[in-house]
Every structure is written in structure tokens, then in C-alpha cells.
Amino acid sequence: IENKPGQTFNLIVTVKEKQTSKAIKDLRITLIKDDLELESYYSDSGRVTFEHVLLGKYIVQISTVEAKIAHILLDIKT
């Protein structure tokens with residue numbers, strides 16, 4: 001998380017394999033707030049950046065073509 005001016009932040013998500021620390025490729029990473037999909041990116045590098053996100057509560061959902069593999073609950077405050 002990178003703080004930005006004006007009550008916003010950039011959220012950088014990097015997904016790696018636990019044993020090897022290699023980036024996991026071919027992922028869809030989605031930013032959700034109040035059950036509404038705000039942004040979604042397909043990543044072939046295992047990394048995405050959501051820019052100028054307002055403070056608040058979010059879910060980051062990580063999925064492959066076959067299934068959801070993780071979701072992260074965020075509560076970003078000042």
C-alpha cells in the first residue's frame with residue numbers, strides 16, 4: 001500500500017508461490033467494495049496496481065480461469 005495525497009492510496013498486489021517465491025502468472029485480480037466490482041485486471045506477471053483508491057473497506061479477489069484461489073479483506077484508514 002502506497003499512501004497518496006488527498007486520502008487516497010495505490011494498492012500493489014503481487015502473488016507468489018509459497019514454496020518457490022516465483023510469481024504466479026495468468027491471474028485475474030479484482031478490487032471489490034460493497035459487493036461492487038470496482039476494477040479488475042488480468043495479470044500475466046503475478047502483479048497488478050490499483051491506483052488512486054479511496055480509504056475504506058475492500059475485498060481483493062484473486063482467481064485463475066478455473067477457480068477463486070484467495071480473497072483478502074482490507075480496511076484502510078488514515
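How many salt bridges does a search of the whole structure find? The search finds two. Here a salt bridge is a side-chain nitrogen of Lys or Arg within 4 Å of a carboxyl oxygen of Asp or Glu.

The model is predicted: local features need pLDDT of at least 70, side-chain atom pairs count only at pLDDT 80 or more, and totals for chains, interfaces and linings use all residues. Residues are numbered from 1 along each chain as its sequence is written, and side-chain values use heavy atoms, with hydrogens and water left out.

Take the salt bridges in turn. Glu 37 and Arg 28 join through their side chains, with 3.1 Å from N to O. Glu 37 is partly exposed, at 43% relative accessibility. Arg 28 is also partly exposed, at 38%. The cut-offs are these: buried is under 20% relative accessible area, exposed is over 50%, and partly exposed lies in between (1.4 Å probe, protein chains only). Asp 75 bridges to Lys 77, and their closest N and O atoms are 3.8 Å apart. Asp 75 is partly exposed at 39%. Lys 77 is exposed at 62%.

Now turn to the strands. A strand is a DSSP run of E with at least two residues, numbered from the N terminus. Two strands pair if DSSP finds at least two bridges between them.

Strand 3 covers residues 27–33. Five of its seven residues are buried, so strand 3 is largely enclosed by the rest of the structure. Strand 3 pairs with strand 4 (residues 36–43) in the antiparallel sense, over seven bridges. Lys 33 faces Leu 36 of strand 4 across this pairing. The two strands make a hairpin with two residues between them. Asp 34 sits in that turn, with a positive phi of about 50°. Strand 3 also pairs with strand 6 (residues 56–63), again antiparallel, over five bridges. There, Thr 30 has Gln 61 as its bridge partner.

Three strands form an open sheet, in the order 1-2-5, with antiparallel pairing. Strand 1 (2–4) and strand 5 (47–54) stand at the edges. Each has a single partner strand, so one side of each is left without a neighbour in the sheet. Neighbouring strands in this sheet are turned by 20° against each other on average, direction ignored. The axes behind that angle are lines fitted to C-alpha atoms, and angles run from 0 to 180 degrees between N-to-C directions. Strand 2 (residues 8–14) pairs with strand 5 over six bridges. Leu 11 stands opposite Phe 50 of strand 5.

Note on methods. Helices (H or I, at least four residues) and strands (E, at least two) are DSSP runs, numbered from the N terminus.
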